[in-house]
Amino acid sequence: MAPSLPFKLDNESLFRDKSYVNGKWVAAKSGKTFDIYDPGTGKPWASAPANGPADVDEAVQAAHTAFQSWKKTTPRHRAQLLLKWDGLIRAHATDLARIVTHETGKPLTEAKGEIEYSAGFTWWFAGEAERVVGSVNPTSIPGRRLVTVKQPIGVAAALVPWNFPVAMVLRKCAAAFAAGCTMVVKPSPETPLSALALAVLAEEAGFPAGVFNVLTTDLENTPSLSEELCRHELVKKVTFTGSTRVGKLVAKLCADGLKKLTLELGGNSPFLIFDDADLEQAADALTLLKWRHAGQTCITANRIFVQAGVYDKFAELLAKRASALKTGHGATEGTTMGPLTTPQGVDKAVSHVDDAVKNGARVVVGGKKGSSEGGYFFEPTVIADAHDELLLAKEEQFAPIAALFKFETEEEVVERANATSMGLASYFFTKNIDRAWRLLENLEAGQIGMNTGAMSAAEVPFGGIKMSGYGKESGKDVAIGEYLIEKSGVLTLQGHY
Ligand code: SIN
């Protein structure tokens with residue numbers, strides 16, 4: 001019997017607390033489960049199977065068996081299933097958002113926004129499925145013909161983070177399914193239930209057993225289960241979104257089996273505001289970007305560089321917006337910023353603010369832990385007089401802290417913006433078209449926001465450079481290509497050799 005939930009779902013069958021393998025709802029072989037906590041209260045509200053390495057083979061074998069027939073389906077058929085899934089996801093958006101809010105803490109309106117964003121991927125990759133084309137090429141030798149064909153690579157494994165638990169599953173799976181691959185998903189221990197709800201809808205959409213598998217696990221078993229997945233010889237592709245530290249471990253595991261790999265890793269994104277920027281536009285964009293999911297996005301602004309002439313004015317505009325945010329439980333009406341997802345996130349925010357204050361920076365708004373509802377809260381925070389030696393400049397904050405750094409010239413700020421090992425996203429605000437072009441070319445990041453803080457969308461290639469990883473998700477051709485192999489066929493006509 002389903003446990004009673006602390007919130008109501010319109011469709012209760014979306015709540016599952018078993019893993020989904022080969023079209024069946026299953027417990028871990030060990031029978032062990034783990035708790036899922038509501039970050040807004042700090043209390044457990046559900047549980048899921050704590051799978052271990054011993055549970056991996058069955059899921060991969062199921063995905064491998066399913067692959068034998070799935071790869072032979074037409075791209076149009078796969079597109080049709082993706083569109084059915086897409087329709088079901090949209091129809092159940094509010095329920096999915098309720099689950100996401102209770103797993104991640106993000107406000108319900110934001111969680112609904114995540115579902116809308118996520119369905120962009122099912123929609124987009126349904127379109128991509130039939131656009132995978134090979135080529136017929138000229139050759140240098142008479143009587144010879146050369147063709148290239150693209151085929152699905154095989155079983156893919158997805159290691160998914162907790163900050164966008166629906167979007168990250170769909171960004172990976174929709175591309176894989178469109179290509180003709182099957183998938184074993186390992187959701188984050190914080191957010192397994194939204195992935196399981198997606199499995200309910202995938203089944204309803206008509207995806208055959210074994211195409212989409214979800215193996216849940218806890219924090220303790222995450223390294224060993226992930227290692228087993230990465231090392232399994234039938235897994236041909238691994239996609240990971242998470243920290244650079246763990247991404248390097250995943251890359252090492254995949255190197256042994258020479259697995260194709262996509263790594264979407266950490267960021268330390270600069271956000272540049274020039275004297276000639278529209279300051280209201282920049283402050284609005286930064287407010288949306290910085291406090292989206294309480295600062296817990298890889299592409300959020302980590303270092304906000306403001307040109308000296310507008311520094312005080314911009315700090316004032318931002319402080320006003322930060323003070324207007326309403327922090328609370330994500331399911332509470334009117335909440336505009338929820339808690340952090342983990343208590344460790346709050347500890348890190350505290351240490352970053354402490355270090356900043358100790359080293360000469362100034363708290364303009366917030367700066368403290370909040371515990372009014374017993375959850376993992378930290379106030380929306382604005383810090384002025386930040387400098388490049390602070391911890392919060394060197395590390396990814398993953399917290400609702402907006403730290404303002406002052407700069408004088410374009411040359412100086414580009415050098416400081418690029419002075420990080422990361423290269424996920426960069427943003428700038430200016431009305432000077434020549435400068436905009438220069439910045440696009442000179443900032444070292446995989447994605448550049450030009451007078452915007454919101455660039456993520458299914459049609460935009462997502463992915464970093466430098467230590468932020470490699471490979472692209474979403475966007476035309478490149479993302480689906482991550483799940484394909486390319487073969488060259490050379491034919492010699494009669495009378496030639
Ligand atoms: C992320 O934090 O990695 C995802 C953000 C996005 O897709 O916009």
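This report describes the ligand site and the domain layout of a predicted model.

## Domain layout

The domain assignment divides the protein into domain 1 (12-265 + 468-487) and domain 2 (270-450). Between the C-alpha centres of domain 1 and domain 2 the distance is 31 Å.

The contact between the domains involves 24 residues of domain 1 and 27 residues of domain 2.

## Residues around the ligand

Around the ligand are Tyr117, Asn163, Phe164, Met168, Arg171, Arg292, Thr297, Cys298, Ile299, Ser456 and Phe462. Sorted by class, this shell holds six nonpolar, three polar and two charged residues.

Both domains contribute to the shell: domain 1 (12-265 + 468-487) and domain 2 (270-450) each supply at least three residues.

## Polar contacts and burial

Three side chains of the shell are considered here. In the side chain of Tyr117, an N or O atom is 2.6 Å from an oxygen atom of the ligand. Arg171 places a polar side-chain atom 3.2 Å from an oxygen atom of the ligand. For Arg292, the distance from a polar side-chain atom to an oxygen atom of the ligand is 3.2 Å. The ligand taken alone exposes 260 Å², and 99% of that is buried by the protein.

## The cavity

Which cavity does the ligand take up? The space taken by the ligand is the largest cavity. Residues surrounding the ligand there include Asn163, Phe164, Thr297 and Ser456.

Terms used:
Residues are numbered from 1 along each chain as its sequence is written. This is a predicted model: local features need pLDDT of at least 70, side-chain atom pairs count only at pLDDT 80 or more; totals for chains, interfaces and linings use all residues. Side-chain values use heavy atoms; hydrogens and water are left out. A residue is near a molecule or strand if one of its heavy atoms lies within 4 Å of it. A polar contact is a pair of N or O atoms within 3.5 Å; within protein, one must be able to donate a hydrogen and the other to accept it, and residues adjacent in sequence count only if both atoms are side-chain atoms. Accessible areas come from the Shrake-Rupley method with a 1.4 Å probe; for residues, only the protein chains shown count as cover. On a 1 Å grid over the protein atoms alone, a cavity is a set of points where a 1.4 Å probe fits but cannot get out, and a pocket is an open set with protein on both sides within 12 Å along at least five of seven lines; lining residues have an atom within 4 Å of a point. A molecule sits in a cavity or pocket if more than half of its atoms lie within 2 Å of its grid points. Ala, Val, Leu, Ile, Met, Phe, Trp, Tyr, Cys and Pro count as nonpolar, Asp, Glu, Lys and Arg as charged, and the others, Gly among them, as polar. Domain bounds come from an automatic or database domain assignment. Contact means heavy atoms within 4.5 Å.
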